Each structure stands twice: as C-alpha cells, then as structure tokens.
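This briefing goes through one structure by topic.

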Amino acid sequence: MIEDDVYRSSSQFRLWSFTEASLKSLRATTNTVASDRVRAALRRAQDARRSANSSATGTPAPGSDAESKATEEKPIDCLTPEEEQQVVDYYSEQIIQLGENYKPPLPTIVRATAIQYLRRFYLTNSPMTYHPKQIMPCALFLATKTDNYYLSLRQFTEGVPGQPAAEDIIAPEFLVMQSLRFTFDVRHPFRGLEGGVMELRAISQGQGQPAPHLLAQTPEDLRRGLFSLSPSSASAAAMNDRISRAHHATREILKTAAQITDAYFLYTPSQIWLSALLLADRPLAEFYLDTKLGGPITTQQEGNPLYALRTKLLLTLNNCATILQAYKPLASDDVRMKTLKRIIGKKLYHCQNPEKANLAGQKRIPAAAAAAAAGESGTSESEMERLAKKRKLEHGNEPKDLFGGDLVMQRTKEKQLDG
Amino acid sequence: MPPARDAMAHRGDDDEVCPVCKSSRYLNPDMRFLINPECYHKMCESCVDRIFSSGPANCPVAGCHKTLRKNRFRKQTFEDINVEREVDIRRRVMQVLNRREEEFDSKRAYDDFLEQREEIIANLVHGTDVAKTESDLQRYASENMRSIRANQALEAQEASSFREQQTQEQELARLRREAARQEYENERKELLAGREDVLSRLAAGRPGDAAAIAREGQKVLLKKSSARRSEEDRIRQKQAALRNSDARKAGQGPLTTADRADDGGAPSLIKGLKKIKTPEPEKPYDPFGGLVPNQRDYYTLRDYYPNSYLDPIRQDSRMQAGGYDLQEYYSRTLMEAFAGLGCFLDEEVSKRDITNTSNVSRPVATEGAALAAVSSTGAPEESS
C-alpha cells in the first residue's frame, strides 16, 4: 500500500515506534541507569559536604560522623518505572491545562506536539534526572515553534504559572532537542480524522468514490449502505448529525486519551483515529473500513490479501481502542491524585539528581560544570592536553614577538654588566 | 578466354594490324587500338566508331558473340591483355569487398578476409566456379550496400586528403628551397659589401690603422654571419615543428562509421566482423521511479467534498487569491487518514530491531544519535 510506504519514511515510524515489550524494556533501562547515577551523585554530594564540614571544624565531630553514616546506610528510595510513568502522564495533562492559560488558547495540535515531545524525552531520560517541571514549559515552547504557531518568549513566559525567568524556560531547550534526536515531526491523527469525516459526508450525500481495489462500488450503493447502519435513520439530516457527533467524540478522545497514553508509540496515526472512531461510533467506523477493505468476512475470501489485512487491522484497532478506553483523566481520580502528589512532592524531591538541578547555570558554564560533576578523574587528558597546547602556543609565539625578545636580551646584558 | 590467349600468342604479328578491318599502322600512323572489358578483343578506333555508333552490337571477332557498347571501350593500359583483365576484375571485387581492418575482431580475421578476397579474385580470373562466386558477390553487395558506400566514401576521403597533403608538402619544400637560395644570395651580397667597405676605409684612412681596420671588418662579418646562422636555426626549428604538427594532424584517421549489418539469418560471406553494439535507446526519465503520481490504495480523490466549514473558502476570492488550493487540503487530509493504516508496528518494529542489532555499525554521529542506541548500550544520559 502506497500510503503505508509514505508513513514508513517518516521519523515517527523510524525512530519513535515501539512494540509494547521494547517500550517497557527501554523505560526500565532508563530507570535503572538514572537510579544508579542519582545514588552516585547523592553520595558524592554527601562526601563533599562532609569534607567541607571536617575542614571547617578542623577535627571531625564524632556525632556528625555517626549521623552521616546513618544517612549513608539508609538506601535512597528511587522512583520505579511505573511511578516515573505516572509523573510524566501528570505533566502531560498539565500541558493541556497550560495551553488554556493563553489568550487565545494554544491550538490542540501544538499541545499535542508538546505532549509527544515530553513523552519522547522521558523515554531516554528520567524525571529523577531532569524534573518535568522544568522540561514541560520548554517542550511546549518548542512545539509552538515547530508547529508554526509563533509566540515570543516573553509572551510565552507570562502564561507559565510561577512566572519563571525566560532563561529558565529555554535553558533545557538543546537538551530536549537532543533527546528528540532532532526529529521534530510528529504525525498526528487529527488531520486524518478530518479526511475520514470528509469522505463519510461525501458518501452520505451520494458522492462517495469507490476504493481503488473495489471498483464495483457505486456511490448509490455506498449511500444505501451508510443509511442502513444499525440505528437506521432515513433522513439525511439525522445522518449528518450522527457523523458530526461521531466526529466530535472522536476528536475529544484524540485530544486527551490518545495523548496521555502510549498510543503514539504503539500505533500509527491512522490506526489511532480509526480506533477512536470505533469507540465513538462502532457501526459507522466498521462501515467505513468495509468500504475500504471489502465487505464483512465470508469464507470464500480466504486467499484475498485485503481480507488478511482486514482481520489483522481489526485486531490492531481493537487493541488500540482498549488502550484509549482505559484512559481516565488523573484529575477525576482522587486516590491516584493523592499518591501522585506523594510521589512528586516527597519521593521525587528526595531522589532528584542534585548535579542536574541548575540547568540554566549548567548551560552557562557547561565545561566547568561537567568537569566538576565528573570528579577529579573527569578532568581528563583532553583538558590537560588542551591547556598544554595553549601554553606551548604562547611559548612558541614569544621569539617572534617584535619587542619581547629584545627585552630579555636587555635584561641578560644588564645582568652580565652587573656581574 | 581462348581469344585472349590467341591474341597473346600472335601479338608480335597482329600488333600493327587491326584484327577487324585489317588496316595497318603503316597506312594510318594515328591508329589507336581500343578494348572492351567484356571480351577484351582489340580493335581500332575507326572500327569502334563504325560498328558501335548506332547502338550496342555483337563483337565483330569471329566466334565471339558478346554484345558490346561503345561507351565501355577504352585504351589498353597494360600490354598483356590478361593482366588488363585481372586488374579490372580486381578493381571490381575490391570495390565490393571493401572492408577495413578496424572492422574486424582480430588481425587473424582480417587476414582471413584478405585471403578470401584473393580467392574470389583468382576464381574469377581463372574461371573456376564463376557463377557461384558471382552470385555470392552480388548477394553480398546488395546486403551490405550501406557499409560498402560508407567505406567507399572513407576511401575517397583518405585519398583526397593524401593528395592534399602531398601537394602541401611539395609546396613547403619549394618554399624552403626558395628561402635557402635567397639566403645564399644575401650572404654573398653582404660579404662583397663588407669587403668593399673595408677597402674604401683603407683607402681613406692612414696607413697605421690598416691592421685595425682589417680586423674590425673581419669581426663585423663574423658577427653578421653568426646572427644569420642563429636566425636560420630558428626558422628551421619552426618549420620542423610545423611539419610535425601537420603529420600529426594527418595521422588522425577518420573513424569508421560503417554499419555492420550482420544479422543472425543467412551466413554472411565475411566472418569475424565486429559485432555492432547499438546503444539501448535511453528511456524517458521517470521522476517517480515507477510510481503513478496520483495513485492511491485506500481512497480515490474527488474534486469536491461537501463540507460546511470549507465551502465558504471555495467562494471566497480573497482566500484563493494567494494560491490556496482546497485540492491540496483534500489530498493531504486523506493521505494522512490512511498513511500507515497497514503498518503493524508490533510486527515491523520487532523485525526492524532484529536487523538493527545484527547490524553492529550503526552510524552514531551526534550525541543525539548516541541516545538512539540507548536500548542496546543502556546509557540514556547525555555526556557528563
């Protein structure tokens, strides 16, 4: 199918599509690596504090030593992959809320893109390393740019709650882009939905076009098929109304459920909007699929490739629909909200990587910060070499200096005279 | 053949007597003998005029019934009539079998061709298997008309360029001779003038200066002659260079563009010709690589879709003035509606991952790309 090959060429298919298993293992790897680093960083921070204390007091006080030992023995409680997932989901929802703060509100597609950026970012990074509170506005600001919805940074900053500095918002921008692997193209199901609805309306008005592989269809057949759907209605107005309702419901699902779940990673946009349509109006969606892939299953169709595609597609769409249906907004669920608050408020606070906290500062002096974070072993040969080279370069330039050489000669001469 | 042999036998006696009218050169000193390549019977000019002026007629020699035409009569080149005949045959065969060496696969094939040609000529000369040889030759000539023509043209061209070159060379040699003579004259004149100059100065000057003046005159002469010699050298070098360039130009023979219409059908007379490789005609450029531009697998695009939201745009000239085309919107939305409908990620991604991991040398150019390898290396953080 030509359309499928078009999609296969997209970066979303090439880099950001996963199976359920690979998605899970990727998140698990990210979590373990991040946890290790957080533990190491916290230990280093403690060591640094203790050494500072000991140097300040001169002799280490026995009490403080015991205390530090106690903290050392207490294992640092890191987030689990599931908890991380909840945190990311929460901030994804926050992006939708944040979009409402602007006048006019940010377009759905900008928010959706931002959410996907955030989710893609946290596939390879952990909330323990970079706090989503910092990343979230940056992802949204990046999305306004990539989706061609211009907002100046000042305008954008005014909408962000807590009034952070503009620098703080764009501080992690390069980091985010890097983690996105510089692929900014997100294929959304929204426009596909419009196309599908457009065609359904054409069918309802008797202007349907047969699919390229099913040329036997006539517009009148299609129209009759549409009007004979289960809650059958004779009037064109009622059918129009039904399509509009399905359209609206599907759109709502796409705006929320499709964004906050892993649907984008596991399914293609056209599969997502069709499964959302299945949820909104199952007979309508099935009818539409039948017009594309041939009628309902009959035994004589065994060898037909369209038949094979249809069975496989229905299975996939149903799986996707289950994922979409399982979604419930966090805000509506008090219990989950409470646990989430505990996770973010306490646990995430304690296991935040202290070395990555100040992104804006880190950006300003990246090399120094990196060297400090890496410890003494990290001030690597490359740095030493660079310094050595610099020194050499300066030294080498000296004899060529127009007046410098003379001065030295002068001094030696004076010395000789003195001697 | 027999008449020719007879003629040869009695040549000494018949030399001065026309075998037809029996008039002898003794009576008519201006008598010229002509022959016709049809039968090679000799007769005098007046006989030819008398017999053949009113159109073709039979040969007047007894026993020879060949029909001759007046325009074919010509002067005999060689004394021996057999040689004359062979030369004629050879010319005719050579005109037909005029393949060139560069048309053959190998030297061996060309040699075979030459041998074959000689054989044909010998056959025709000695009258063995004449009918078959002639028919072969005819067939070959009609089949290879174009290549024969082309080769003839080439030969003519070569001959003319050769002639041209020769005349040019002769002209150059003449010029050189002329220049040499001129130079010799000049030299002599100068020598004389120098001597006269010295003499006149000797006559005018004091006797004490005689030796000095004589030496000076000698020096002037020497200087002049050496200057001339260097000048000569220069000219000679120039000419040599010119000659070389000419030779080089002449050496670049024109390439053969003969058609070698060898077909697999009837066995050709000549074997070992190079196969002609006709380049395949270039296909028209296909920018879509075989794809039909507007072909789709899931839908057929219409010109118009009813839509209450888009219909006003159709009517609004302000919206369309900038080149906005609703057709673009239709094709894009429908494309996105179905792009990837048949991509089953759970299958395709796992397949892709397998090929990826087997392919160890993944291009890791940037740190962003390094992040991509996270599933295999397990290092999600950026550099520290």
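**Helix packing in chain A**

In α5(A), the residues A:Val88, A:Tyr91, A:Ser92, A:Ile95, A:Ile96 and A:Gly99 meet A:Arg111, A:Ala114, A:Ile115, A:Leu118, A:Arg119 and A:Tyr122 of α6(A). Contact here means that the C-beta atoms of two residues, placed from the backbone, lie within 7 Å. Helices (H or I, at least four residues) and strands (E, at least two) are DSSP runs numbered from the N terminus. The model is predicted: local features need pLDDT of at least 70 and side-chain atom pairs count only at pLDDT 80 or more, while totals for chains, interfaces and linings use all residues. Residues are numbered from 1 along each chain as its sequence is written, and chains are lettered from A and ligands numbered from 1 in the order in which they are written.

- The contact of α5(A) with α6(A) comprises 8 nonpolar, 2 polar and 2 charged residues; Ala, Val, Leu, Ile, Met, Phe, Trp, Tyr, Cys and Pro count as nonpolar, Asp, Glu, Lys and Arg as charged, and the others, Gly among them, as polar.
- Helix α5 (residues 81–100) of chain A packs against helix α6 (residues 108–124) of chain A at an angle of about 160°, and their axes are 9 Å apart. Axes are lines fitted to C-alpha atoms, for helices over the stretch in contact, and angles run from 0 to 180 degrees between N-to-C directions.
- That makes α5(A) roughly antiparallel to α6(A), on a scale where angles under 35 degrees are roughly parallel, over 145 roughly antiparallel, 65 to 115 roughly perpendicular and the rest oblique.
- α5(A) and α6(A) cross in the right-handed sense; a crossing is right-handed if the near helix is turned clockwise from the far one by less than a right angle, and left-handed if anticlockwise.

**Backbone details in chain A**

- The loop between α5 and α6 of chain A holds A:Pro104, and the peptide bond from A:Lys103 to A:Pro104 is cis, with omega near -5°.
- A:Arg181, in the loop between α10 and α11 of chain A, has phi near 55°, a positive value in a residue other than glycine.

**Helix packing in chain B**

- Helix α4 (residues 81–96) of chain B and helix α5 (residues 107–126) of chain B pack at about 135°, with axes 10 Å apart. α4(B) and α5(B) are therefore oblique to each other.
- The crossing of α4(B) and α5(B) is right-handed.
- B:Glu86, B:Ile89, B:Arg90 and B:Val93 of α4(B) make the contact with B:Arg117, B:Ile120, B:Ile121, B:Leu124 and B:Val125 of α5(B). These residues divide into 6 nonpolar, no polar and 3 charged.

**Sheet and annotated region in chain B**

- Chain B has an open sheet of 3 strands in the order β2-β1-β5, with antiparallel pairing; strands pair if DSSP finds at least two bridges between them.
- β2 (43–44) and β5 (74–75) of chain B are the edge strands, each pairing on one side only.
- Strand β1 (residues 33–35) of chain B pairs with β2(B) over 2 bridges, and B:Leu34 stands opposite B:Met43 in β2(B).
- An unreviewed UniProt entry lists residues 163–201 of chain B as "coiled-coil region". UniProt positions follow the numbering used here, feature names are shortened, and annotations may be inferred rather than shown by experiment.
- Residues 163–201 of chain B are 100% helix and 0% strand, with the end C-alpha atoms 57 Å apart.

**Contact between the chains**

- Chain A has 58 residues in contact with 41 residues of chain B.
- α11(A) gives the most to the side of chain A that touches chain B, with 9 residues.
- That side of chain A has 25 nonpolar, 22 polar and 11 charged residues.
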